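Morning, everyone. I'll take the charged pairs, then the core, then the pocket. Please have a look at the model.

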Amino acid sequence: LNSWITTSKGKSVQFLYWSTVFKIEMMLLAFVKSLRIGNYKMFLSCLERVVPCIFAIDHIHFSRWLPVFINDLKLLPMKHASIYKEFLSGKFTNQKNSILEKE
């Protein structure tokens, strides 16, 4: 499958476009999932994966401050261990309902 995708990207500009769109949509869905289930490590991973896209679309403020934000989050275990522990338990986001908490 991977070799077919690589070959198809080289043959068709339209395939390359839709493959890129699919990749970006999957990153967005993973980000939303990380917030909904309260998975802090997944949230941080999603932020790291989106940084190159932010630079590519030339969002100046996001490309400047998102790496700083990610770095602050990575330093959290050393600087504020109690807050990091709470974030790992899912308290970095708020749940609208208790349905997700039952999973």
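Salt bridges to begin with. This is a predicted model, and a search through the whole structure turns up two of them.

Take E48 and K74. Their closest N and O atoms sit 2.5 Å apart. What does the pair tie together? E48 lies in helix α3 and K74 in helix α4, so the bridge links parts that are 26 residues apart in sequence. Both ends are partly exposed: E48 has a relative accessible area of 32%, and K74 has 42%.

Now the other bridge. K91 pairs with E86, and here the closest N and O atoms are 3.1 Å apart. K91 counts as exposed, at 58% relative accessibility. E86 is partly exposed, at 35%.

In soluble globular proteins, nonpolar side chains tend to be buried together. The largest nonpolar core here has 12 residues, among them Y40, F43, L47, I54, Y84 and F92. Helices α3 and α4 each supply at least two of its residues. The largest share comes from α3, with six.

Look at L44, also a member of that core. Setting aside neighbours within four places in sequence, L44 contacts I70, L73 and K74. That is the K74 that bridges to E48.

Last, the largest pocket. How much space lies in it? About 250 Å³. Its lining includes I24, F31, C46, V50, F62 and L66. Helices α2 (13-37), α3 (40-56) and α4 (60-79) each give two or more lining residues. Again α3 gives the most, five residues.

Technical notes
Residues numbered from 1 in each chain as written. Predicted model: local features only at pLDDT ≥ 70, side-chain atom pairs only at ≥ 80, totals over all residues. Heavy atoms only, no water. 1 Å grid on protein atoms, 1.4 Å probe; cavity = no way out; pocket = protein on both sides within 12 Å on 5 of 7 lines; lining within 4 Å. Points joined across faces, edges and corners; volume = space filled by probe spheres on them. Helix = DSSP H or I, 4+ residues; strand = E, 2+ residues; numbered from the N terminus. Core = buried A, V, L, I, M, F, W, Y, C linked by side-chain atoms within 4.5 Å. Buried < 20%, exposed > 50% of the residue type's maximum accessible area, 1.4 Å probe, protein only. Contact = heavy atoms within 4.5 Å. Salt bridge = Lys/Arg side-chain N within 4 Å of Asp/Glu carboxyl O.
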